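Here is a short briefing on the structure shown below. Topics are grouped so that each can be checked against the coordinates.

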Amino acid sequence: MTLLAERPVQATAPAEPRRRKRVVLPYLLIAPTLLATAYLLLYPLARNVIISLQEFGLPQLVRGDAKFVGLANYARVLADPEFWSVVRRTLWFTAINVVLIMVLSTLVALLLVRLGKWLRLLVMGGLVLTWATPIIAATTVFQWLFQSRLGVVNWALVAMGFEEYRDYTWFADGEATFGILVTLIVWQSIPFAALSLYAAMITVPQELYESARIDGAGAWRVFSTITFPMLRAMFGLIACLEVIWVVKAFVQIWVISQGGPGQATTTLPVYAFQVAQSLQRYDLGAAVSMLMVVLLVLALLAYFRQLYRQEREA
Amino acid sequence: MIGRISRTTAALLVFVVSVFPVYWMVLTAFKPTRDIQSATPTFLPASITFEHFGTAVAARGFFSFWRNSLLVAGGAVVLALLVALLAAFAVARLQWKGRRAFVLMVFIAQMTPWEALLIPIYVIARDTGMLDTLWILTLVYFMMTLPFTIVTLRGFLAAIPVDLEEAAQVDGCSRGQAFRRVVFPLLAPGLLATSLFGFITAWNEFAFANVLIIKDQDDRTLPVWLSSFNNTFGTDWGATMAASTLFMLPVLLIFVVLQGRVTTGIVGGAVKG
């Protein structure tokens, strides 16, 4: 939805005689937006930078006399091996999720193109239902699906002959919890990616496919020589968005595992929050979240480049 | 033929995988407790009970959580619509210096990593005495939905021909009247769609609600309450699933209302020559 709405729209304002009123009016109209953005977005961001440069723990939160300590917080975070293991885990987590999302979404989109009308509507309906499921509802249901005693997943695994999954406690094991979180995020992300890719795929002229088929090209060849090159920008755009969403995925992880067991599912946003909330080191937490912002800005720059390329090709 | 059968199988598999978790949630919510606790789960409704919904609704604070969620999400959406309508009009209809920069700012604001702003907003809320009030949540959700609202409204506005407004002005309307009487009615469906999407964002938000409302548990919103179902319902999965179902219901209704619009939007954008 967002993606579709984001296409820049040519302004159709007519050239009007320049009266003074017209010059002031637009700035009056955008003033509320500017004020809100300044107070609710830029100010918190600036405050985050400032906190990350101060010594800011519980005493400073209460008394409000934080001292500036330069880059000491960053130095401390960057020297902490735990931080680097969190970064590695975040990159892993992102890579696994995004690859799975892109591959599965592409397959679903290719499937949708080939389905008859009713089956296609059925699958699209299912995808929209998944899309509509609130994150919190989904996390709650997944906890129920993977319950050790009465969970339906363990029942199904035991029924298929995997006896070791009888009463298996998924959430006590780091890797199992990691796997469940990946499943949850992939499950939630496919509808957007698959429906967007599908919408892009049906814009590829049918004649191209037909002539390729006449030339005897197989399905993989058609995809790799026609579909993918034609929609390269769209694939790039969606991949960038998914990277951004997965890196900052916080709610799913926090609600299901709080980053645990141990540190098995602690990614950057969870780590920043843990440090700030549990250790009450707001300064270190702010520094970690600023480092995460840097990571995200890199992904964002790639995204804007794709958006620009997409506009030029469209 | 084989291709067709495997396509149909794949389609059904995708459908089942996407629908099953939600189906299981609703099914559990309606299952009698003895069925939930039986060693072999049943996959079709054998007998239906409303007992779990009763438990969920009777839980302490249930109605105040609903009220809080509605107030916060509704307030944020109304604020965002008012502010965004002004800005969208300026962007789509007027020419002024700095318009491109403003649009770029809105696009960037739309990508804000809010998860990184949890700490400063907590500190700011504490400093300004807004911690533990619904005001701060309303403001945060307003800002979360504002960029998206501006971008979408601008798109809807640009789709309405300027000629209509000009014709109205020729017929003696002022600029404001032309907007109110001609553009606004045409814009209404767009306003509805945009506000409902904003509503969903605010309705579902968890991270800030979890951090900013801490002292008085009665001031919490539904997502935070639902995330702590263990404290409320223990291992009563029927009641937990009933609560989840109730929480999802408004979102689902909104999607049903919007579905026609979304689908036609996708198709309309795709089919054009």
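Where in chain A does P261(A) lie? P261(A) sits in the loop between α13 (251-256) and α14 (268-277) of chain A. The model is predicted. It scores ipTM 0.86 and pTM 0.86.

**Confidence**

- Chain A has an average pLDDT of 87. In chain A, 92% of the residues score at least 70.
- Chain B has a mean pLDDT of 87. Of the residues of chain B, 94% reach 70 or more.
- Residues 1-10 of chain A stay under 50 in pLDDT. The model has 16 contacts beyond four places in sequence for this stretch.
- In chain B, pLDDT stays under 50 over residues 262-273. Ten contacts beyond four places in sequence are found there.

**Interface between chains A and B**

- The contact involves 74 residues of chain A and 76 residues of chain B.
- Helix α2 (residues 20-52) of chain A gives the largest share of the chain A side, with 16 residues.
- By class, the chain A side that touches chain B has 58 nonpolar, twelve polar and four charged residues.

**Records and geometry in chain B**

- An unreviewed UniProt entry places "transmembrane region" at residues 12-30, 70-90, 102-123, 135-162, 182-203 and 237-258 of chain B.
- Residues 12-30 of chain B are 100% helix and 0% strand in the model. The end C-alpha atoms of this span are 25 Å apart.
- Residues 102-123 of chain B are 68% helix and 0% strand. Their end C-alpha atoms lie 28 Å apart.
- UniProt, again in an unreviewed entry, places "domain: ABC transmembrane type-1" at residues 66-258 of chain B.
- Over residues 66-258 of chain B, the model is 79% helix and 0% strand. The end C-alpha atoms of that span are 22 Å apart.

**Packing of α5(A) with α9(A)**

- Two packed helices are described by the angle between their axes and the distance between the axes.
- Helix α5 (residues 81-114) of chain A packs with helix α9 (residues 174-201) of chain A at an angle of about 45°. Their axes are 7 Å apart.
- The two helices are therefore oblique to each other.
- The crossing of α5(A) with α9(A) is right-handed.
- On α5(A), the contact residues include I96(A), N97(A), L100(A), I101(A) and L104(A). On α9(A), they include V182(A), I185(A), V186(A), S189(A) and I190(A).
- This contact of α5(A) with α9(A) has 18 nonpolar, four polar and no charged residues.

**Packing of α5(A) with α12(A)**

- The axes of α5(A) and helix α12 (residues 232-247) of chain A come within 9 Å. They cross at roughly 140°.
- Why are α5(A) and α12(A) classed as oblique to each other? Only angles over 145 degrees count as roughly antiparallel, and the crossing is at roughly 140°. The pair is therefore oblique.
- α5(A) passes α12(A) in a right-handed crossing.
- T90(A), F93(A), T94(A), N97(A), V98(A), I101(A) and M102(A) make the contact from α5(A). A239(A), E242(A), V243(A), V246(A) and V247(A) make it from α12(A).
- By class, the contact of α5(A) with α12(A) has eight nonpolar, three polar and one charged residues.

**Packing of α7(A) with α9(A)**

- Helix α7 (residues 135-145) of chain A and α9(A) have axes that come within 11 Å. The crossing is at roughly 135°.
- That angle makes α7(A) oblique to α9(A).
- α7(A) passes α9(A) in a right-handed crossing.
- From α7(A), A138(A), T139(A) and F142(A) meet I180(A), L184(A) and Q188(A) of α9(A).
- The classes in the contact of α7(A) with α9(A) are four nonpolar, two polar and no charged residues.

**Backbone exceptions in chain A**

- Most residues other than glycine have a negative phi, and most peptide bonds are trans.
- The peptide bond from G260(A) to P261(A) is cis. Its omega is near -5°.
- D167(A) has a positive phi, near 55°, and is a residue other than glycine.
- D167(A) is in the loop between α8 (152-159) and α9 of chain A.

How values were computed:
Residues numbered from 1 in each chain as written. Chains lettered and ligands numbered in written order. Predicted model: local features only at pLDDT ≥ 70, side-chain atom pairs only at ≥ 80, totals over all residues. pLDDT = per-residue confidence, 0-100. Contact = placed C-beta atoms within 7 Å. Helix = DSSP H or I, 4+ residues; strand = E, 2+ residues; numbered from the N terminus. Nonpolar A, V, L, I, M, F, W, Y, C, P; charged D, E, K, R; others polar. UniProt positions renumbered as here; feature names shortened; annotations may be inferred. Axes fitted to C-alpha atoms, helices over the stretch in contact; angles between N-to-C directions. Parallel < 35°, antiparallel > 145°, perpendicular 65-115°, else oblique. Left-handed = near helix turned anticlockwise from the far one by under 90°.
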